[in-house]
Amino acid sequence: MVAAIRVAVCDDARAVKFFLRQVLEEEGDIVVVAASSTGEEALEKLLSCPTDVLLLDLVLPDVPDPAALVARVRERSPETAILLISNLPPFSLEKEAERLAADGWMPKAAKPGQLREAVREATRAAAG
């Protein structure tokens, strides 16, 4: 049996974190191992909780510079793939993901299957 993909979710909205956990864990091959509301909290959890993919909200109240946060995630947990999530229009989100050198992106309004596949794809991309 293949190990489940370990995901951490960082979003300041409790309802979004709850929804993402439900959607991601639905098929059994993905497990949400940590949830945080701030960039600092996400960094702390990455140190103590092995994570394959970080679902990172692009707009967090405590993060004036997403590029700095992405760089800190890369320093602390280089093996963790970063998948940006946001309510930005897809074109803008894609450009931000490219600018920040994220491993992928997904609109928050994506269909559940698309979100799960984006997590799987980010894991494959990070693996090599």
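View 1. Start with C10, which stands opposite L56 in β3. Strands β1 and β3 run parallel here, joined over four bridges; two strands count as a pair if DSSP finds at least two bridges between them. Helices (H or I, at least four residues) and strands (E, at least two) are DSSP runs, numbered from the N terminus. This is a predicted model: local features need pLDDT of at least 70, side-chain atom pairs count only at pLDDT 80 or more, and totals for chains, interfaces and linings use all residues. Residues are numbered from 1 along each chain as its sequence is written, and side-chain values use heavy atoms, with hydrogens and water left out.

**View 2. The whole sheet, strand by strand.** Which order do the five strands take? The open sheet goes β2-β1-β3-β4-β5, with parallel pairing. At the edges sit β2 and β5 (104–107), each pairing on one side only. From one strand to the next, the twist averages 25 degrees. Axes are lines fitted to C-alpha atoms, for helices over the stretch in contact, and angles run from 0 to 180 degrees between N-to-C directions.

**View 3. The β4–β5 end of the sheet.** Here L84 stands opposite W105 in β5, and β4 and β5 pair in the parallel sense over four bridges. To get from β4 to β5, the chain passes through α4, and this β-α-β crossover is right-handed (with the strands pointing away from the viewer, the path from the first strand over the helix to the second runs clockwise).

View 4. Which residues of α2 (39–48) are buried? They are G39, A42, L43 and L46, where buried means under 20% relative accessible area and exposed over 50%, with partly exposed in between (1.4 Å probe, protein chains only). These four cover an arc of only 100 degrees around the axis, which puts them on the same side of α2; the arc is that of the directions from the helix axis to the C-beta atoms. Over on the other side, E44, L47 and S48 are exposed. The cover over the buried residues includes β1 (5–10), β2 (30–36), β3 (53–57) and α3 (66–76), with contact meaning heavy atoms within 4.5 Å.

**View 5. Helix α3 and what covers it.** P66, L69, V70 and V73 are the buried residues of α3. Looking down the axis of α3, they fall within an arc of 100 degrees, so they line one face of the helix. Their cover includes α2, β3, β4 (81–86) and α4 (90–100).
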